[in-house]
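Look over the sequence and the fold before reading on.

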Amino acid sequence: MAGETRERGLIDTNVVIHLAALRPAQLPDEMVISSVTLAELSAGPHHTNDAVERARRTSVLQHAEATFEPLPFDAEAARAFGLVSAAVLARGRTPRRRLADLMIASIAIVNRLPLYTTSPDDFVGLEGLITLRTVEQPVRQPRAESSPGRPGWWS
């Protein structure tokens with residue numbers, strides 16, 4: 001419709017993983033991911049010895065690669081990361097254990113995008129730096145027999 005505003009938002013890795021099981025009304029009209037999310041998804045299959053789980057994680061990665069053009073963690077995001085780290089340290093928290101999450105937040109900041117996540121506690125201390133949109137965790141896990149093209153196949 002003419003004059004209709006569509007929201008663009010950066011979706012966190014956990015949102016990508018559970019995307020098919022999430023309610024669309026909680027997500028931005030236009031979803032983008034970060035290069036950090038792509039890195040996390042690329043590492044995922046290597047963190048399991050279970051062949052079925054490895055295949056599921058690979059499927060999530062392949063879908064993300066085919067669907068999204070990731071926003072980079074570039075020099076501007078690296079500078080924003082300094083502000084993000086300072087904010088976390090000021091709250092008495094350590095940025096080291098949350099490195100990927102804080103890099104994703106830095107990308108959201110420099111691209112002036114709200115960040116959609118199912119894990120808002122990962123971003124405590126960043127109030128005022130980012131606009132955080134909490135997405136409810138999926139209620140049920142997908143069935144083992146789910147497959148690409150069917151709801152829940154990558155959650």
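**Contacts, rings and a backbone angle**

Q: In this predicted model, with which residues is S34 in contact, leaving aside its neighbours within four places in sequence?
A: Contact means heavy atoms within 4.5 Å. Neighbours of S34 within four places in sequence are left aside. The residues in contact with S34 are then L10, P70, L71, I104 and I107.

Q: Is S34 buried or exposed?
A: The cut-off for buried is under 20% relative accessible area. S34 has 0% relative accessibility, so S34 counts as buried.

Q: How is the pair of F73 and F81 classed?
A: A search of the whole structure finds one aromatic pair. The ring centres of F73 and F81 lie 6.4 Å apart, and their planes stand at 80°. Planes over 60 degrees apart count as edge-to-face. The pair is therefore edge-to-face.

Q: Is F81 buried or exposed?
A: Buried means under 20%. F81 has 18% relative accessibility, so F81 counts as buried.

Q: What is the phi of R112?
A: R112 sits in the loop between α5 (99–110) and β3 (115–117). R112 is exposed, with a relative accessible area of 75%. R112 is not a glycine, yet its phi is positive, at about 50°.

Conventions: Residues are numbered from 1 along each chain as its sequence is written. This is a predicted model: local features need pLDDT of at least 70, side-chain atom pairs count only at pLDDT 80 or more; totals for chains, interfaces and linings use all residues. Side-chain values use heavy atoms; hydrogens and water are left out. Rings of Phe, Tyr and Trp (its six-membered ring) pair if their centres lie within 6.5 Å; planes under 30 degrees apart count as stacked, over 60 as edge-to-face and the rest as tilted. Buried means under 20% relative accessible area, exposed over 50%, partly exposed in between (1.4 Å probe, protein chains only). Helices (H or I, at least four residues) and strands (E, at least two) are DSSP runs, numbered from the N terminus.
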